[in-house]
Amino acid sequence: MLRHRFPPLGGGTARPTDLIRRKSTGLPFPGQQSPSPDDRMLSRLSKFGLSLPRLGSVPPARFVSQSKQNSSAGSSAVTELHNREEKSEHGEVSQYVKNPDYHGFSSDPVADEWNMKVGFFMGISVALVIGGTFIHYLPDHGMRQWARREAERIICQREQQGLPLIEENYYDPSKIILPSSREE
Amino acid sequence: MLMVLAPTMMLLPMIWLCSSAHLWTSALAHSMAIALISLSWLCLPMEAGWSSLNTFVATDPLSTPLLVLTCWLLPLMILASQNHMAKEPINRQRTYISLLVSLQIFLVLAFGATEMIMFYIMFEATLIPTLIIITRWGNQTERLNAGIYFLFYTLAGSLPLLVALLLLQNSTGSLSFLTTQFFPPLQLHTEASKFWWAGCLLAFLVKMPLYGAHLWLPKAHVEAPIAGSMVLAAVLLKLGGYGMMRIIIILDPLTKQLSYPFIILALWGVVMTGSICLRQTDLKSLIAYSSVSHMGLVAAGILIQTPWGLTGALILMIAHGLTSSALFCLANTNYERTHSRTMLLARGLQMILPLLATWWFLFTLANLALPPLPNLMGELMIITSLFNWSNWTLLLTGAGTLITASYSLHMFLTTQRGPVTSPVVAIEPTHTREHLLMVLHLLPLLLLVLKPTLIWGWTL
């Protein structure tokens, strides 16, 4: 799962092929390695000021030349953006390394598995299945089936009696008291 | 109501007295049990409209779906927070879960309240745990600014509401929802009544949020930790919608003229925030603006005041609650691995985490309102009722639907498809916990396809 990529760090000893490579890549300094596409993208992204975490060992972008290992001037390589010590303090080591059956709940494997079982049981078997069954067997939720039966019954009754199916007026007109029409 | 409130209140001592090894397990198990009990509210006799009725709280077909959503969300929040809280000291973990539980208590009391002042107090009370969660456990320094925006936008909107409610109490003598629906029409002929009308609605419009007053939402949603984002998107926005639906019954006939600018603003917000989504680089910010877009439709649907409008608004609120919360959980899985919300940083995830890509796909489809999910049904009902009100709204709602589809697909394609970026190559595989979290968001949404009458409210 965790892939470790270790491209060569040092410049290596100069070989004729290096010189040829240098000419073809057009890079200014001797021994400078042309950065991989990922490094280039990372360097562009890191300009935005994001602190990219180093999960796995993706190498940082190199901006400055690296002198050869046997150079007397010492290495002028840029240090990594995140130290390896700092990385392990952050706890970025995956929980799967210690516990291959990690479920995401707890670092203790026993509590982790127990929590997973409780979560699935209570969440799905109890809440969704039992709850769903309860809802399915609710008697006429919202009285909709009753409303349908009642409407059909009333329609039958009214048609037998010859009355209109529904009154035209919502309120009884005789009960409405209107203000008198004369001017005050 | 006590069937749910008492166990929820007892969760607080349980959290503090539980051993640290079993804290999260017990909290999860007990909150799931409470969610199961909350389903009993769905057994509603319709004769009087109000069920579980006592002097202070009751449920009715409008509040019941929201109450069930609230109770369902607590175990999901606990599941989502377990990983990022694991490194904190145990007492801080206990405080965090206690804040989530107290938020749940306030929300249950808010949705169940029969008296408007009680609803107002609970509405304000939910601000405090949310503010603490955002400002204490948020991840960037912007969280302080976000907390201030969140608090003061909502407070500034709700102070007029307090004044308006006190005026109403003075003139009518009662603020109980049970009786306000039977009031004779209020004499609202003066200019001052227009301000009173605006005072009643402003708090809820800011909370929804309406487009002009929406600035707090992207800040608060982005800076909050995952549980904060979930509860904000899923439930707290719906408090605004619920409040509007309750109070709009007594605001007639002023609403017919005065709601016009707000409907247009809401619809314009759908289009504008959708367009902003297309330009977002921050994943959580995209989901936050998408929430504003959907809530704009809800606000328009409520202000239309037709049966289809109100029903569509309620359906969309429930469906959006589940979808938006799930999208925030998915964004959080990215964030926990790369510690960055930049969309372009983590691309091509389908190759690396294929099962997670399935959840991304399904929730993206839900967000863009794919039939037969209730997201579409709600949106369609609102769009139809708006079209009935004025044919021209179809331009805005149609454009909004189109833009929603494009930004949802943009979000999916940017994170899942495309070249695999190098920071993503070696990320940790998904946990069972994360898959469980996604399934618990998805299954209720799918089950609602089978019985949508549960969330139709009391108009249809």
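Author: The answers below go through the interface, chain A and one record entry.

Author: This is a predicted model, in which local features need pLDDT of at least 70, side-chain atom pairs count only at pLDDT 80 or more, and totals for chains, interfaces and linings use all residues. Residues are numbered from 1 along each chain as its sequence is written, chains are lettered from A and ligands numbered from 1 in the order in which they are written, and side-chain values use heavy atoms, with hydrogens and water left out.

Reader: What makes up the contact between chain B and chain A?

Author: Contact means heavy atoms within 4.5 Å. By that rule, 50 residues of chain B and 43 residues of chain A take part.

Reader: How do you know what area is buried between chain B and chain A?

Author: Buried area is the accessible area (1.4 Å probe) that two parts lose on being put together, summed over both. Here the value is about 3800 Å², and carbon and sulfur atoms give 71% of that.

Reader: How many salt bridges are counted between chain B and chain A?

Author: A salt bridge needs a side-chain nitrogen of Lys or Arg within 4 Å of a carboxyl oxygen of Asp or Glu. The count between the two chains is zero.

Reader: What share of chain A is called buried?

Author: Buried means under 20% relative accessible area (1.4 Å probe, protein chains only). Of the 184 residues in chain A, 23% are buried.

Reader: Which residues of chain B does UniProt list for a domain?

Author: The unreviewed UniProt entry lists residues 113–403 of chain B as "domain: NADH:quinone oxidoreductase/Mrp antiporter transmembrane"; such annotations may be inferred rather than shown by experiment.

Technical notes
Buried means under 20% relative accessible area, exposed over 50%, partly exposed in between (1.4 Å probe, protein chains only).
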